[in-house]
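Please read it with the structure open.

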Amino acid sequence: MPKRTRFTTWRPLATAATAALLATLLTPVAAQAAPRGSEPVHSYEDAIREAVWVDTGLDGDRDGKPDRVAVDIVRPRETARQGRKVPVIMDASPYYSCCGRGNESQKKTYDAQGRVAQMPLYYDNYFVPRGYAFVGVDLAGTNRSDGCVDVGGRSDIQSAKAVVDWLNGRAKAYTSRTGTTRAQAGWTNGRTGMIGKSWDGTIANGVAATGVKGLKTIVPISAISSWYDYYFQQGAPLYDSGPAWLSDYVDSPDARAKCAAVQQKLVDGAPRTGDRTPLWTERDYVKAARKVKASVFLVHGMQDLNVRMKHVGPWWDALAKNGVERKIWLSQTGHVDPFDFRRGAWVETLHRWFDHELMGIDNGIDREPMADIERAPGRWDTSRVWPPSGTRTATLRPGRGTQDGVGTLGLHRGHGTASFTDDPERSETDWAARIDEPTSEKAGFTTRTLTRDLRLSGSSEVTVTATPSTPTAHLSAVLVDLGPATIRDYADAGEGITTLTNRTCWGPSTPADSSCFKETKAKTADVGYTVVSRGWADLGNHASDHKGSPLTPGKRYTITLDLAATDHVVPKGHRLALIVAGTDQGLIDPPADKPRLTLDLSRTSARVPFTGGAAAFARATTGAATATPDATLLDGVREPRTTHRVPEASQ
């Protein structure tokens, strides 16, 4: 596909009509100025609130009738009276009734006529007065919708895609769940932007990957790009459950009674072996990135240990390869919405993004830097493109040090071996805290102290050649910044934020739907090291990324672990470390055995993207101190929590 320009400007008929009206009221000079942003000129209190049920064309619950998904709508009454068509902001979610949305877990509520009274979050309060419609879609099998939840599969995606089709006149909808009276979407111009955090943002990714016409932009926040990578990485299980548990977690009571067959398919199609099956292929949106026509404004926490940064790198790279218009924010938080870590700047930026992409307003956002990256709590840098120009991969090689298991990391090939024994009770926090000690459960390698800052930006790979002592073995590879810093405490319950009691308001309110939300502040930790990037694999997947096999004890195997994308500056005076170990307690499940693994250092390496490449690494480590630091226990965040996670806030 030929590469498209980064942005296009579209001007709707309504904008032209407004400009013509203004021209009769303003001076000639003022009349020539393009609108810089939509204004809150419509009444939120008087907005039209209605519900329709869209026919998905599927019968997931096997009741002999096409499934209908519930669509709750809030839209300006004034534009309807004037016959003006409006664009749509849409959030399709499985959480509107079971679990709630946002930091305050808001659920949909309804009036006596069944119309939505409280729409969770601030999107309707803020954007409806500015001339947008807001649409909240209950995924199939949830809340007031028919069908079954299939966790990112055809039913989930079709639930939302059918609504985009209806908004563009290509699907049927009805005024009730079972009735025959048709509902039309004549009030919209069809231009739709999807937004949502976690599972909601995942649906936006999946719908965009269908190439559906009318979807102009998506804003996926902490979203999944491949469901396999939510449950496994290269055969290593990340959780002790699969999609069947998650489906049951959000299913409505009606769906639980009807969807046993779908549940069984999720069990059968997602074996705990970690093998890639057709179920996972169906739920891999990265492979369909060539179909994406919508622009993408991606937001993710670089310390998100729920929907991990592994979901960013391949998706972002695939979008770039296919010329998709993109923007990205990367925070220091865990699984947190930008409304709760950078509220004012976020709402302003999102407003301008939707104005540009859905209303065609030339507000200059297309000429601003592509990336915003949080360097320290509340301190942000920008990059014109991301990863930044001049980023190149350097191959770093581990070497033996003066003590077993405490090695070096540089540009020259190492020799000899390093060994460790898998200890499922240890995690990356234990390994990093004792990086300068010869502990039995990890092999650690560190650079010299840096003489200048060194920026990592993008995805890394670690190739390991290891000899296991048992038929099963899991591997972890971790990059660590060794040095003091104040960071967001992503391992805390708030994952980098503390919720306060005071509120700020983002648009008008009604008695049933307040636009005022609790403020937050950064929850910080003073640390002696920061984990920069992580990756895991089952060594049994050494020959195939799709299927594992038993290992022969005593035989040497080579595997390349994919490390998650990141953007991190290792400051002058710090060191960069590579740690190779077994089970990362709390982040992957252990293998059946407790192997001892011996690394062949001459055939082990890390490919790391640096701004300036290998030359920048060489400059930063040339002339640095070579003395071995004292084996001091380094402070870090607490070890990763092992609570049962779902793709939303870690509850």
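**Notes on the predicted model**

1. A salt bridge joins the side chains of Arg375 and Asp567, with N and O 2.6 Å apart; the term stands for a side-chain nitrogen of Lys or Arg within 4 Å of a carboxyl oxygen of Asp or Glu. The pair links distant parts of the chain, with Arg375 in strand β14 (residues 371–376) and Asp567 in strand β27 (residues 566–570), 192 residues apart. Helices (H or I, at least four residues) and strands (E, at least two) are DSSP runs, numbered from the N terminus. Arg375 counts as buried at 15% relative accessibility, and Asp567 counts as buried at 2%. Here buried means under 20% relative accessible area, exposed means over 50%, and partly exposed lies in between, with a 1.4 Å probe and protein chains only.

2. On the basis of the note: this is a predicted model, in which local features need pLDDT of at least 70 and side-chain atom pairs count only at pLDDT 80 or more, while totals for chains, interfaces and linings use all residues. Residues are numbered from 1 along each chain as its sequence is written, and side-chain values use heavy atoms, with hydrogens and water left out.

3. Turning to the whole chain, the protein chain holds 15 helices and 30 strands. Its radius of gyration is 26 Å, close to the 26 Å that the globule rule gives for 651 residues, so the protein chain is as compact as a globular protein of that length; the radius is taken over C-alpha atoms, and the rule is 2.2 Å times the number of residues to the power 0.38. The C-alpha trace spans about 80 × 65 × 50 Å along its principal axes.

4. Of the 651 residues in the protein chain, 61% are buried. Among contacts (heavy atoms within 4.5 Å) with a separation of 6 or more, 79% are between residues 24 or more positions apart. The accessible surface of the protein chain comes to about 24,000 Å², and 51% of this belongs to carbon and sulfur atoms, the areas being from the Shrake-Rupley method with a 1.4 Å probe, where for residues only the protein chains shown count as cover.

5. Side chains of opposite charge can pair when their charged atoms come close. A search of the whole structure finds 42 salt bridges, including one between the side chains of Lys258 and Asp63 at 3.7 Å, N to O. Lys258 lies in helix α9 (residues 253–258) and Asp63 in the loop between β1 (48–55) and β2 (68–75), so the pair ties together parts that are 195 residues apart in sequence. Lys258 is partly exposed, with a relative accessible area of 35%, and Asp63 is likewise partly exposed, at 29%.

6. Arg379 forms a salt bridge with Asp381, their closest N and O atoms being 3.9 Å apart. Arg379 is partly exposed at 46% relative accessible area, and Asp381 is partly exposed at 32%. Elsewhere, salt bridges that share partners join Asp63, Asp146, Arg177, Asp254 and Lys258 into one network.

7. Some backbone details deserve a check, given that most residues other than glycine have a negative phi, and most peptide bonds are trans. A cis peptide bond, with omega about -10°, joins Trp386 and Pro387, and Pro387 is placed in the loop between β15 (379–383) and β16 (391–403). Ser222 has a positive phi, near 50°; Ser222 lies in the loop between β9 (215–221) and α7 (228–231) and is buried, with a relative accessible area of 1%. Asn143 also has a positive phi, near 50°, in the loop between β6 (133–138) and α5 (154–167).

8. Two threonines complete the note. Thr79 lies in helix α3 (residues 77–82) and counts as buried at 3% relative accessibility; leaving aside neighbours within four places in sequence, Thr79 is in contact with His42, Arg84 and Val86. Thr632 is in the segment after α15 (613–621) and is partly exposed, with a relative accessible area of 47%.
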